[in-house]
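Visitor: Hello! Could you walk me through this structure, one question at a time?

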Amino acid sequence: MTDSNETQVLITSARGGDEEAVRRLLVMYHPRLKGRLLRQMDPVMRSKIEPEDILQQVYLETFRAIGQFQYQGKDSFLRWMYAILDRKLIDEHRAMRAERRDVRREVKAGPSGGQQTTFV
């Protein structure tokens, strides 16, 4: 069986509820997903989030949505998983930006005297 045929068989089984087939697919695609993730994570994100945590979210989403996946030829499953990964990365970037802008973390300026000047 070629990789493409094996993938198609595993996808069919996974869509039918075979959890072992889902696990095998995730193991098969893990190196490529992790490589893409590491290339796309900036140093700030890497300092705050473990790559494996994002991958776990991707795998959970893949597991939940596998029934909706439609095989459309070679690499269609990989492209589908890349789309899930990319959405998770966007969500993490947004969460980090929101955390940096959190108004609860802002420092309030003290009472200003009439002669104080503020430089931006």
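Visitor: How many helices and strands does the chain have?
Guide: Welcome! Keep in mind that this is a predicted model. Along the sequence the elements run α-α-α-α-α. The count is therefore five helices and zero strands.

Visitor: What percentage of the residues in the chain count as buried?
Guide: A residue is called buried when its relative accessible area is under 20%. The chain has 120 residues, and the share that counts as buried is 29%.

Visitor: Is Ser-76 buried or exposed?
Guide: Let's find Ser-76 first: this residue is in helix 5, which spans residues 76-100. Beyond its neighbours within four places in sequence, Ser-76 touches Phe-69, Gln-70 and Tyr-71. Its relative accessible area is 5%, so Ser-76 is buried.

Visitor: Which residue's backbone nitrogen does the side chain of Ser-76 reach?
Guide: A polar contact needs N or O atoms within 3.5 Å. The side chain of Ser-76 comes to 3.0 Å from a backbone nitrogen, and that nitrogen belongs to Gln-72.

Visitor: Which residues is Leu-33 in contact with, leaving aside its neighbours within four places in sequence?
Guide: Contact here calls for heavy atoms within 4.5 Å. With those sequence neighbours set aside, the partners of Leu-33 are Leu-55, Tyr-59, Met-81, Tyr-82 and Leu-85.

Terms used: Residues numbered from 1 in each chain as written. Predicted model: local features only at pLDDT ≥ 70, side-chain atom pairs only at ≥ 80, totals over all residues. Heavy atoms only, no water. Helix = DSSP H or I, 4+ residues; strand = E, 2+ residues; numbered from the N terminus. Buried < 20%, exposed > 50% of the residue type's maximum accessible area, 1.4 Å probe, protein only. Polar contact = N/O pair within 3.5 Å; in protein donor to acceptor, adjacent residues only side chain to side chain.
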